[in-house]
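Hi,

Here is the structure I promised to pass on to you.

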Amino acid sequence: MLPNDLPNQNNINFQNPFKNIPRLSKSIAILITLTYILCYFFPNLLTIFTLTPGLTLGHPYHFFNIITAPFVDIYFSTVFFNVMSIIILGKILEPIWGSKEYLQYIFIITFVSGIMTYITSVFFFMITLNETIMYSYFWCGFSGIISALTVAIKQIYPKKEIKLLFIIPFQCNYLPLITFIFSTLSFIFQVTPASYPFVIYGIYFGWFYLRFVQRTGETVGDLSENFRFATFFPSILHNPIDKLSSISYHLFEYCSLWEKLGSGRDLDTFNVNLPNRINDSDDAKRRRKRAAILLEKRLAQQENNMQSSSSSSSSSNINDDDTDSTSNDEETIDIIIEDE
């Protein structure tokens with residue numbers, strides 16, 4: 001759902017998190033808590049339900065851990081944070097999207113981020129030949145889904161102000177960036193490193209889904225300028241990221257991805273900085289200027305003819321001719337402008 005279809009952002013209430021919790025969000029919060037308790041008392045379950053790349057398609061086969069890993073947290077701090085987050089964010093998003101779309105979004109991000117985490121692990125193993133990457137890491141955590149939900153909040157309520165740790169005010173537009181920074185610091189200092197890949201892929205693919213895939217009536221995606229990928233970063237980085245985004249856009253366009261998705265084919269709406277767009281803009285300005293000059297000349301000619309008329313009859317004839325001439329000129333001007 002696009003921001004324009006929603007009520008005033010100032011009317012949204014982020015308080016009273018435990019009141020009127022939607023059923024699906026409540027069920028997910030309970031599931032996260034139960035998986036933590038089970039894995040705490042039965043640690044062997046970690047090798048089954050978390051994403052251990054060497055066991056996913058190895059022997060024994062645990063391919064289902066691509067789906068189960070994001071719902072398993074092994075740190076109490078992350079369990080508490082994720083349960084609170086799914087309750088608060090779910091209260092906002094589930095009523096807006098509906099339970100079906102809300103569940104579909106979570107499932108898609110879960111599956112894609114699991115696949116990409118597995119591929120990333122195999123890639124680094126192929127480069128380093130370090131077997132610990134394949135058998136000693138238990139990638140898991142619901143933080144990836146939470147990061148994807150923050151992207152949805154950024155899309156819907158970018159100007160809404162909330163407080164970090166109930167103290168520091170900031171706009172929801174920066175919520176994904178703050179989530180990424182905290183997760184990066186947590187990974188660097190090994191506080192809660194297990195969910196870091198899911199956070200990165202959750203943010204990116206959450207944006208990709210909302211940008212190009214999600215359907216709202218006849219609308220596919222959200223190609224607004226304020227939701228382009230560069231807006232996830234500080235303004236000083238917008239230009240280089242826009243250029244990288246334009247390369248990715250044309251790569252996907254070459255693969256006919258936008259045609260299959262039914263979105264993203266309007267470059268002006270996509271708002272990428274391309275040289276041909278600049279040239280088209282300059283050409284359009286020249287055509288508008290030409291049309292304006294032509295119109296001024298015809299109006300001046302009409303005024304001179306009216307002043308030089310000697311009789312009412314001849315003046316009437318001249319006016320008729322000038323009207324026809326002006327009409328033809330306006331058609332010519334319209335053609336010039338439409339050629340843009």
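A salt bridge here is a side-chain nitrogen of Lys or Arg within 4 Å of a carboxyl oxygen of Asp or Glu. Before the details, please note that this is a predicted model, where local features need pLDDT of at least 70, side-chain atom pairs count only at pLDDT 80 or more, and totals for chains, interfaces and linings use all residues. Residues are numbered from 1 along each chain as its sequence is written, and side-chain values use heavy atoms, with hydrogens and water left out.

**Salt bridges**

The count comes to two salt bridges. In one, Asp 242 pairs with Arg 228, with the closest N and O atoms 3.0 Å apart. Asp 242 belongs to helix 11 (residues 238–254) and Arg 228 to the loop between strand 4 (219–220) and helix 11, so this pair ties together parts 14 residues apart in sequence. (Helices, H or I with at least four residues, and strands, E with at least two, are DSSP runs numbered from the N terminus.) Glu 225 also meets Arg 228 in a salt bridge, at 3.9 Å from N to O. Through shared partners, Glu 225, Arg 228 and Asp 242 are joined into one network.

How exposed or buried are the three? Buried means under 20% relative accessible area, exposed over 50%, and partly exposed in between (1.4 Å probe, protein chains only). Asp 242 is buried at 4%, Arg 228 is buried at 12%, and Glu 225 is partly exposed at 47%.

**Aromatic rings**

Rings of Phe, Tyr and Trp (its six-membered ring) pair if their centres lie within 6.5 Å; planes under 30 degrees apart are stacked, over 60 edge-to-face, and the rest tilted. The whole structure holds 23 aromatic pairs. One of them is the tilted pair of Tyr 36 and Phe 76, with 6.3 Å between centres and 55° between planes. Tyr 36 lies in helix 1 and Phe 76 in helix 5 (residues 76–97), so the pair links parts 40 residues apart in sequence. Tyr 36 is buried at 16%, whereas Phe 76 is exposed at 55%.

Ring pairs also build a cluster that includes Tyr 201, Trp 207 and Phe 232. Over the ring of Phe 232 sits the charged end of Lys 154, 4.8 Å from the ring centre; the rule asks for NZ of Lys or CZ of Arg within 6 Å of the centre and within 35 degrees of the ring normal.

Best wishes
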